[in-house]
Amino acid sequence: MSTTHEHEHEHEHDHEHEHDQHHEHEHGHDHDHEHGHGHSHGDGGHAHPTGFRGFLHGLFVPHTHDAADSIDDALEASKEGVRAVKISLFILLGTTILQFVVVLVSGSVALLADTIHNFADALTAVPLWVAFVLGRRLATRRYTYGFGRAEDLAGLFIVGVVALSAVVAAWQSIDRLLHPHPLNNLWWVLVAGLVGFAGNEIVAIYRIRVGQRIGSAALVADGVHARIDGFTSLAVVLGALGVILGFPLADPIVGLLISAAIIVLLWGTVKSIGRRLMDGIEPELVDRAQTALDSTPGVLSTPLLQLRWVGHRLQGAATIVVADSSLSDAEAIVREAEHRLGHALPNLDDMAIRTVTR
């Protein structure tokens, strides 16, 4: 961590001391402390829906960050992100190939829409993979903050691909409504839909859990994308059942409903990624940092606190007010503040702390 101390002394000599010190911030935490951190888990100034609406909100707009479960080593977090992307890519490619074979033998446009969407979901793993690898690179003189933002740009790409897949699915469904033709092997369509749901839900759970653990909005967004795919696969099953029961237009109608659902559910992901690009931060994380700083012995107040995500890592700056004391005392206060911040925010890579005296 970089730390700036400013002490204004009115002792035997009248002058200001300004000291710039650089502390290497390590999250080893291999020693015990007897102080409580008092981490706040409140609503952070925003409430989430309850009841059935809350269930849907948690399903399709999950929290991006779970600080209590997060990985505090940047390299290990990136490795786990790459692992999640690779495993989910191969699962989705397998699901897509199976579904495409069934599309060829059945002619189901709803299953085709689902297959296109699954293939798009598999493709989104590629830029995310690249972003995680880029994020490991050290900062340069041009990119002094490193390459973590590549992850958020990958999230934008994911949003674009999801939107495009919804348009393609809608176009295919409208064409089938205008030019209907009979479907074949409907029971295979049912099986393919169920396989698509199972594969996507497995990938969704895995991506979302890893994304929350490492603090990656893009990986959580990709997990939500897979979950949407899973429910569109169930919609394909409903469409096939409708055709079996004597309603042939059920297939293209379900394809249109899938497209509409994708666009509606995409909005939550757009807001999450957009917030990251605008340096938005979850209020509960600010509360955690505020509590850690305010509870540090010697800190009188924290008039300024800033946090932002760079990829799946946190950076920030703070100003703390301390009593008029010696430089060594102020440095000890800052070190303790840094340690408490490291416990409160395991994803924190750098916090520039400026001290002012009162």
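Visitor: Say a charge sits over a ring if NZ of Lys or CZ of Arg is within 6 Å of the ring centre and within 35 degrees of the ring normal; which residue lies over the face of Tyr-145?
Guide: Arg-308 does, at 4.4 Å from the ring centre of Tyr-145. This is a predicted model, in which local features need pLDDT of at least 70 and side-chain atom pairs count only at pLDDT 80 or more, while totals for chains, interfaces and linings use all residues. Residues are numbered from 1 along each chain as its sequence is written, and side-chain values use heavy atoms, with hydrogens and water left out.

Visitor: And what sits over the ring of Phe-147?
Guide: The charged end of Arg-137 is placed there, 4.6 Å from the centre of the Phe-147 ring.

Visitor: How many aromatic pairs are there?
Guide: The structure has one, where pairing asks that the ring centres of Phe, Tyr or Trp (its six-membered ring) lie within 6.5 Å, and planes under 30 degrees apart count as stacked, over 60 as edge-to-face and the rest as tilted. Tyr-143 and Phe-147 have ring centres 5.0 Å apart and planes at 40 degrees, so this pair is tilted.

Visitor: Is Phe-147 buried or exposed?
Guide: Phe-147 counts as buried, because its relative accessibility is 14% and the cut-off for buried is under 20% relative accessible area, with exposed over 50% and partly exposed in between (1.4 Å probe, protein chains only).

Visitor: Switching to helices, how do α3 and α7 cross?
Guide: The axes of α3 (residues 109-135) and α7 (residues 250-277) come within 7 Å and cross at roughly 30 degrees, axes being lines fitted to C-alpha atoms over the stretch in contact, with angles from 0 to 180 degrees between N-to-C directions. The two helices are therefore roughly parallel, the word used for angles under 35 degrees, whereas over 145 is roughly antiparallel, 65 to 115 roughly perpendicular and the rest oblique. Helices (H or I, at least four residues) and strands (E, at least two) are DSSP runs numbered from the N terminus.

Visitor: How many of each are in the protein?
Guide: The protein contains nine helices and five strands.

Visitor: Last one: where is Leu-92, and what does Leu-92 touch?
Guide: Leu-92 belongs to helix α2 (residues 74-106) and is buried, at 0% relative accessibility. Leaving aside residues up to four places away in sequence, Leu-92 touches Asp-121, Ala-122, Asn-200, Val-203 and Arg-207, contact meaning heavy atoms within 4.5 Å. Val-203 is 111 residues from Leu-92 along the chain, yet their C-alpha atoms are separated by 7.7 Å.
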